[in-house]
Each structure stands twice: as structure tokens, then as C-alpha cells.
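I want the overall picture before I go into single residues.

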Amino acid sequence: DVYAYDAGEGKLNLRIGEDGQYIAAKKSDDGEHENIVMQADPFAWGYDEAHDAYVATLSDGDYYIGNYSSYDTLSLSSTKYIDTAGNNIAHIVQEEIPGPVLETIEIDGSHSVAIGSQITLKATPNLGAELVDVVWTSSDTDVAKVENGVVSPA
């Protein structure tokens, strides 16, 4: 699996697996070829909206991931060939991967609530997550009670 991470400014870092190496573009040592390489450091891919493709900016221009002719391997190709017959752009398809379900949140430490006052608890999901059936409870109802996220002294 390839994971895409926001690199800021409309760019993405592409990583093989959750903990693997990043997909990068690099000129060959002799400067004659452009290659897809794997490396430990993130590499930011820009987005070419006109062609719906991610591109790498190297010293001599922009390159997109794709394949050409009858070859069945991915390679870098200059954007000047992007509309040439036989060349194909690799597109990134977003797939939602459900994250872990958080069942319990413990709030450590002490929090003071004046008699007659209350504190309201609020759950804020991560970007793209959805809150479902959030229930707040107290581990010691002799000290505090919780109703619909509102904490008050017992």
C-alpha cells in the first residue's frame, strides 16, 4: 500500500506502508536519466491540476509518475510527454482507511470545580473522523457527576 501524507502547500509525501520508505524522484548520477527511488526522507510531490497528476520538480523540470509504450513498470516521464500517445499517467486514488476506535479517555490530574459551578467536556474528532455515541461518565460519582458532558461536583 502507498500512503499519502500532506506535505503542505498542496504537496504530498508518498510512503510505502505506514512505516516504510518514501517514494522520491532523483536524477541519475550521470544526469542522463530520471528515476523513481525509495528513501528514508520525505519527498514532496506537487500537483498538476490540468492533468490530475502528481509531479516531481527536479533541477531541469517537472516529471510525473507513469509508464510509457508497452512497458508495465512505473517510471518518471517529463511533463512534455504527458499528452503523447502511449504514455499513461499514474493517478493517486484516495481510499478511506478507518482508524482505531477510541473507547475510553481518562482525564488525569485534578480539576477544581467550585460548588454550584460546572465544567463542560467536549470531544473533538481528528480531521475526517466522525463522533458516534460519545458518552461521558465519572469514575467516582461521590466526587463528581457527569450528565451529557457536563461535570458538576457531587
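What share of the 154 residues of the protein counts as buried? I get 23%. I keep in mind that this is a predicted model.

Overall make-up. I looked up the secondary structure and found zero helices and twelve strands. Read along the sequence, I see β after β, with the pattern β-β-β-β-β-β-β-β-β-β-β-β. For contacts with a separation of 6 or more, I noted that 32% link residues 24 or more positions apart.

Strand 3. I went to residues 22-27 next, which make up strand 3. Five of its six residues are buried, so I put strand 3 down as largely enclosed by the rest of the structure. How does strand 3 pair with strand 4, parallel or antiparallel? I find the antiparallel sense, over six bridges, with strand 4 covering residues 34-39. One bridge I checked joins Ala25 to Ile36 in strand 4. The two strands form a hairpin with six residues between them. In that turn I noted Gly31, which has a positive phi of about 75 degrees.

I then looked at Val2, which sits in strand 1 (residues 2-8). Buried or exposed? I have Val2 at 51% relative accessibility, and the cut-off for exposed is over 50%, so Val2 counts as exposed.

Key. Residues numbered from 1 in each chain as written. Predicted model: local features only at pLDDT ≥ 70, side-chain atom pairs only at ≥ 80, totals over all residues. Heavy atoms only, no water. Helix = DSSP H or I, 4+ residues; strand = E, 2+ residues; numbered from the N terminus. Buried < 20%, exposed > 50% of the residue type's maximum accessible area, 1.4 Å probe, protein only. Contact = heavy atoms within 4.5 Å. Pairing = 2+ DSSP bridges.
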